[in-house]
Amino acid sequence: MRPLLCALAGLALLRAAAEPLSTSQGDPAWSTGCDKLVAVQGRLDIMEETVEKTAEHLEAQVKSLLGLLEELAWNLPMEPFSPAPDLLGDGDF
């Protein structure tokens with residue numbers, strides 16, 4: 001989860017860097033630079049949305065896995081020398 005938070009922080013920094021600068025609007029160079037910044041801002045918005053959706057998906061997956069582990073923990077034998085549970089359901093062991 002920590003790398004995901006670092007990625008979100010990086011996106012926030014990139015987004016802040018892409019804020020338009022206030023200079024003379026009559027300058028053609030400013031217009032070209034502004035267009036580039038607007039394009040970068042649009043891409044950053046898409047990336048941010050993708051990261052948020054990925055984070056939500058990963059959170060749901062982690063909750064599901066934790067639920068399965070909790071269920072598995074309740075089904076483990078309590079005796080110290082009892083046979084190991086068949087976690088895969090093969091029955092071969």
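Modeller: Start with Val51, which sits in helix 2. Helices here are DSSP runs of H or I with at least four residues, strands are runs of E with at least two, and both are numbered from the N terminus. This is a predicted model, so to speak of local features we need pLDDT of at least 70, side-chain atom pairs count only at pLDDT 80 or more, and totals for chains, interfaces and linings use all residues. Residues are numbered from 1 along each chain as its sequence is written, and side-chain values use heavy atoms, with hydrogens and water left out.

Biologist: Is Val51 buried or exposed?

Modeller: Val51 counts as buried because its relative accessibility is 18%. Buried means under 20% relative accessible area, exposed means over 50%, and partly exposed is in between, with a 1.4 Å probe and protein chains only.

Biologist: How many helices and strands does the protein have?

Modeller: There are two helices and zero strands. Of the 93 residues, 9% are buried.

Biologist: Switching to charges. How many salt bridges are there?

Modeller: Two, by the rule used here: a side-chain nitrogen of Lys or Arg within 4 Å of a carboxyl oxygen of Asp or Glu. One joins Lys53 and Glu49, at 3.2 Å from N to O. The other pairs Glu59 with Lys63, at 3.6 Å between the closest N and O atoms.

Biologist: Where do Lys53 and Glu49 lie?

Modeller: Both are in helix 2, four residues apart, or about one turn of the helix. Lys53 is exposed at 51% relative accessible area, while Glu49 is partly exposed at 42%.

Biologist: Why are Glu59 and Lys63 about one helical turn apart?

Modeller: Because they are four residues apart in helix 2. Glu59 is partly exposed, at 40% relative accessibility, and Lys63 is exposed, at 55%.

Biologist: Which residues form the nonpolar surface patch?

Modeller: Val62, Leu66, Leu69 and Leu72, with about 360 Å² of accessible area together. Patch residues have over 30% relative accessible area and no salt bridge; like charges are joined within 9 Å, and nonpolar side chains (Val, Leu, Ile, Met, Phe, Trp, Tyr) within 5 Å.

Biologist: What about Leu66, buried or exposed?

Modeller: Exposed, because its relative accessibility is 52%. Leu66 belongs to helix 2, which covers residues 28-75.

Conventions. Areas by Shrake-Rupley, 256 points an atom, 1.4 Å probe, with all protein chains shown as cover.
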